[in-house]
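I opened this entry to look up how two parts of one chain meet. My notes follow in the order in which I checked things.

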Amino acid sequence: MTAAMASVFALPPADAVPGAAAVRARVRDFLAAHPPPADPARRVNCWAVADEAFSRALGQAGLIGMVWPCAYGGHARPAMERYIVLEELLAAGAPVAAHWIADRQTGPLLLRYGSEAQRRRWLPGMAAGEIYACIGLSEPGAGSDLAAVRSRAERVPGGWRINGQKLWTSGAHRSHVMLALLRSEAGSERQAGLSQFLIPMDTPGITVRPVIDLSGAHDFNEVFFDDCLVADDALVGGEGEGWRQVTAELALERSGPERYLSSHALLATLIDARLADPAVTALIGSLVAELWTLRQLSWATAAKLAGGDDPVVEAAMVKDLGNDFEQRLPQAVQAVVSADLDGGDDLGRCLAQLLLVSPSFSLRGGTREVMRGMIARGLGLR
Amino acid sequence: MSEMRPQLVATAAALFAGAPDWPALAASGLPLLLVPEASGGFGGDWGDAAAVLREAGRAALAAPLGETMVASKLVAGARASVQQGQGTLAVATGWLTATQSVQRFNGSARGVAWGAAADWLVAGHHGRALLISTYAATAGANPAGEPRDSLVLDAAPTLVLGRADVLELGAFVRVAQIAGGLEAALALAVDHVNSRVQFGKPLARQQAIQQQLAVLAGEVAAAGMASAAAARALDASRDARFEIAAAKLRANLAVARGVGIAHQVHGAIGFTMDYPLQRLTRRLIGWRSEFGGDAFWAARLGQRALALGGAGLWAEMARQGDR
């Protein structure tokens, strides 16, 4: 075995987290007081289901921004406690979309690269579940090939002028701020000359238009920037450092429980349907075996991240395996169960919803092919 | 023992690379890895066993090492004297009869690894482990050509060792071997595609090949984690039925998905007797069916999930991990 290969997934199973049971009990108590939707079709893919009242209540309960310093409205808790909160919320099907990006991505990025003023302005509201963020990466000509970004920021006296267009921006219509990757050096190409900017969504010159997805839901948007003026301190981190910052940001968030639990409500609904069919029992068994293993892989990766390491290849594996599982789950149920997709019962409604939305699971956050390319790099093949 | 694990694994790997015979394995002490030091063993834990058996799988070791490890532990746990010689594990059907002086077992067992060659065996029977030394064997083999013998137990003198699920512990052994075997198959595949040139460049430069091997690597990761996590559950001294069932089923799935990829990227070269891939894949194919195939564990785990209910399933998995 080559040295490169030995490190492909060398993580041990994570040890139990001290106090885990108490953290779980706290989340379950919260969920008892703020129950997820009764309809299982609204509990699937729940990190794409927004409920601002739920997010505010979660923030008031101290369950957003958990690892952030108290000075910024956070709670200075260990990273693995936050992981427990996330998996409990997702397993229950809680509507966490409104605050998800701010908690997972934007807040940590500001803590890593942001200025003191940026942190003080944005983090307390994010931790309170009141300020929501979106991520401005994809553009009409820049999907998987993110380095093809063309939207630009030009220096003007006192700030920057922004022009261009972002596409597939989840939650832009309810977000207060966008963290955008823009070309800040005129004439630059590819990974060079890119910077990250924090743009308030009420900045004049921004137009948000909905892109309705095939299930009829409004999650995606296209966002136009027409001579938007932002202050100097909209720049996050270093000028020209955008590519390095954004790739680090993405690598840190590939292995979370949202990468394998998006279809969990269907598995729970199938179990509770008690169909008394040996083929269904066997299917449940094999799905549970995969679920259990994915949870171990995701935990092990989270523990490694919590220790300050950067397990890029392991995280890509969790995402690839997890997305494959959560995408295959509804297909497997449809193959074995005679369910009506007409909306008449819980199982069929839940299944129909997932069959429609699950193609997105291996697209969002980096496609399956991109993940596998990263794993192949870890194997020394490219 | 865990602090010694890296050294233990390195020693085992060096030994296995030389395709040792049973006397050499016995001399290494590895068959007694799980036996407490007070009973003359190594005093290793399940994590150590999984790590060593993963090396055995990686080396395609042709010996009932895991079977003897587990059987020796069960013997030692019953405070019976540790058996010398080659042991094995079996799952028996039949019945136990007790006379005033001795218990005897009448029945049979199939697919017993090195059953004819073994000096003694521990048989699982209705949740108990039985130590038996006298039986008749008919030779059989798994797809790798390893002995998988049919045994007839005819009023065989039997020592009841106590409660244990031999099938589960055998499955634990196979999961570790599968993890190692798949890992070695991936290593062969990576080496092959890096050196084999077609269309003017190494196969490794083809995206189609890269994507396939990424999938195989994911299966290696899943099987490896299943093995390590099942060992962790056993070492926590608790009921590990759920974890072992999930681990064997997931490892079986990894065989199903992984073996085909390893062969595909090798082309015809990997389909020959000369090339070492077959030493791994023929064993992997066999191990998937041994100590419970997919259908067996899927039914058992599915029934457990139904008993727990949708919310209870999650709560149970969380509870296990928090201990």
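I started with one pair of side chains: Glu183(B) and Arg58(B) form a salt bridge, with 3.4 Å from N to O. The model is a predicted one, and I read the distance as a computed value.

I then looked up where the two residues belong. Chain B is split into domain 1, residues 2-164, and domain 2, residues 167-322. Taken over C-alpha atoms, the centres of these two domains of chain B lie 23 Å apart. I noted 26 residues from domain 1 of chain B and 27 residues from domain 2 of chain B in the contact.

Next I asked how many salt bridges the rule finds across the interface of domain 1 and domain 2 of chain B. The count is 5. For polar contact across this interface, I found 11 residue pairs listed, both residues at pLDDT 80 or more.

I turned to the domain 1 side of chain B. Helix H3 (46-58), helix H4 (65-77) and strand S1 (87-98) each supply at least two residues of the side that touches domain 2. H3(B) gives the most, with 8 residues. By class, I wrote down 15 nonpolar, 5 polar and 6 charged residues for this side of domain 1.

Last, I looked up the area. About 2,200 Å² is buried between the two domains of chain B, and carbon and sulfur atoms give 61% of it. Of the area that domain 1 buries against domain 2, Trp46(B), Arg54(B) and Arg58(B) supply 28%, more than any other three residues.

Key. Residues numbered from 1 in each chain as written. Chains lettered and ligands numbered in written order. Predicted model: local features only at pLDDT ≥ 70, side-chain atom pairs only at ≥ 80, totals over all residues. Heavy atoms only, no water. Domains from an automatic or database assignment. Contact = heavy atoms within 4.5 Å. Buried area = accessible area lost by both parts, 1.4 Å probe. Salt bridge = Lys/Arg side-chain N within 4 Å of Asp/Glu carboxyl O. Polar contact = N/O pair within 3.5 Å; in protein donor to acceptor, adjacent residues only side chain to side chain. Helix = DSSP H or I, 4+ residues; strand = E, 2+ residues; numbered from the N terminus. Nonpolar A, V, L, I, M, F, W, Y, C, P; charged D, E, K, R; others polar.
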